[in-house]
Amino acid sequence: MQFVVNQHVRSLATTSVNTPTGTMRVSTPEVTALDLVSRPLDSGGLDNVVTVLIELHEEHPLAESELLVAVAFYPSASARRLGYVLER
């Protein structure tokens with residue numbers, strides 16, 4: 001397992017999730033989507049990223065307004081890649 005840290009982690013949106021031992025903070029679906037497309041090789045390749053994004057969208061549809069806020073913290077290539085994947 002490899003952990004990757006975003007330099008803007010404190011500025012990115014999170015949500016609270018209940019677990020058997022309490023609650024924990026996790027990234028929002030929009031931030032997760034951008035993280036995945038930003039580092040596709042660390043996410044099992046672009047095919048795997050697309051599979052995860054499909055499953056993520058089925059459970060938690062991405063909010064356009066949240067994407068617009070989060071994308072400011074990512075390279076423009078990540079925004080273009082996510083846009084391309086979402087259009088397909």
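1. V69 is exposed, with a relative accessible area of 55%, above the 50% cut-off for that class. V69 belongs to helix α3. This description concerns a predicted model. Along the chain V69 stands 56 residues from A13, yet the C-alpha atoms of the two are 8.8 Å apart in space.

2. A second residue worth noting is F73, in the loop that joins α3 to α4. F73 has a relative accessibility of 29% and is therefore classed as partly exposed. Setting aside residues up to four places away in sequence, F73 touches H8, S11 and L12. The C-alpha atom of F73 is also separated by 9.1 Å from that of Q7, a residue 66 positions away along the chain.

3. The largest nonpolar core contains 15 residues. Within this core, L34, L53 and L82 have the most contacts. Four helices, α1 (29–38), α2 (46–59), α3 (64–70) and α4 (76–87), each contribute at least two residues to the core. The largest share, 5 residues, is supplied by α1. In soluble globular proteins, nonpolar side chains tend to be buried together.

4. Which residues does L34 contact beyond its neighbours within four places in sequence? The partners of L34 are L67, A70, V71, Y74, S78 and L82. Of these, L82 is itself listed with L34 among the core residues that have the most contacts.

5. The buried residues of α1 are P29, E30, V31, A33, L34, L36 and V37. These buried residues pack against β2 (22–27) and against the helices α2, α3 and α4.

6. On the α1 side the contact is made by P29, T32, A33, L36 and V37, which meet V49, V52, L53 and L56 of α2. By class, this contact has 8 nonpolar residues, 1 polar residue and no charged residues.

7. The packing of α1 with α4 has another geometry. The angle between these helices is about 105°, and their axes are 9 Å apart. An angle from 65 to 115 degrees counts as roughly perpendicular, and α1 and α4 are therefore placed roughly perpendicular to each other. Here A33, L34, V37 and S38 of α1 meet S78, R81 and L82 of α4. The residues of this contact divide into 4 nonpolar, 2 polar and 1 charged.

8. Apart from residues up to four places away in sequence, S78 touches L34, V37 and S38. The side chains of S78 and S38 also make a polar contact, at 2.7 Å. Both S78 and S38 take part in the meeting of α4 with α1.

9. A further serine, S43, lies in the loop between α1 and α2. Its relative accessibility is 17%, so S43 counts as buried. A polar atom of the S43 side chain lies 3.0 Å from the backbone oxygen of R39. Leaving out neighbours within four places in sequence, S43 is in contact with L36, N48 and V49. L36 and V49 also take part in the contact between α1 and α2.

10. Finally, A79 is placed in helix α4. Its relative accessibility of 30% means that A79 counts as partly exposed. A79 and V26 are 53 residues apart in sequence, and their C-alpha atoms are 21 Å apart in space.

Notes: Residues are numbered from 1 along each chain as its sequence is written. This is a predicted model: local features need pLDDT of at least 70, side-chain atom pairs count only at pLDDT 80 or more; totals for chains, interfaces and linings use all residues. Side-chain values use heavy atoms; hydrogens and water are left out. A nonpolar core is a set of buried Ala, Val, Leu, Ile, Met, Phe, Trp, Tyr and Cys residues joined through side-chain atoms within 4.5 Å. Buried means under 20% relative accessible area, exposed over 50%, partly exposed in between (1.4 Å probe, protein chains only). Contact means heavy atoms within 4.5 Å. Axes are lines fitted to C-alpha atoms, for helices over the stretch in contact, and angles run from 0 to 180 degrees between N-to-C directions. Angles under 35 degrees count as roughly parallel, over 145 as roughly antiparallel, 65 to 115 as roughly perpendicular and the rest as oblique. Ala, Val, Leu, Ile, Met, Phe, Trp, Tyr, Cys and Pro count as nonpolar, Asp, Glu, Lys and Arg as charged, and the others, Gly among them, as polar. A polar contact is a pair of N or O atoms within 3.5 Å; within protein, one must be able to donate a hydrogen and the other to accept it, and residues adjacent in sequence count only if both atoms are side-chain atoms.
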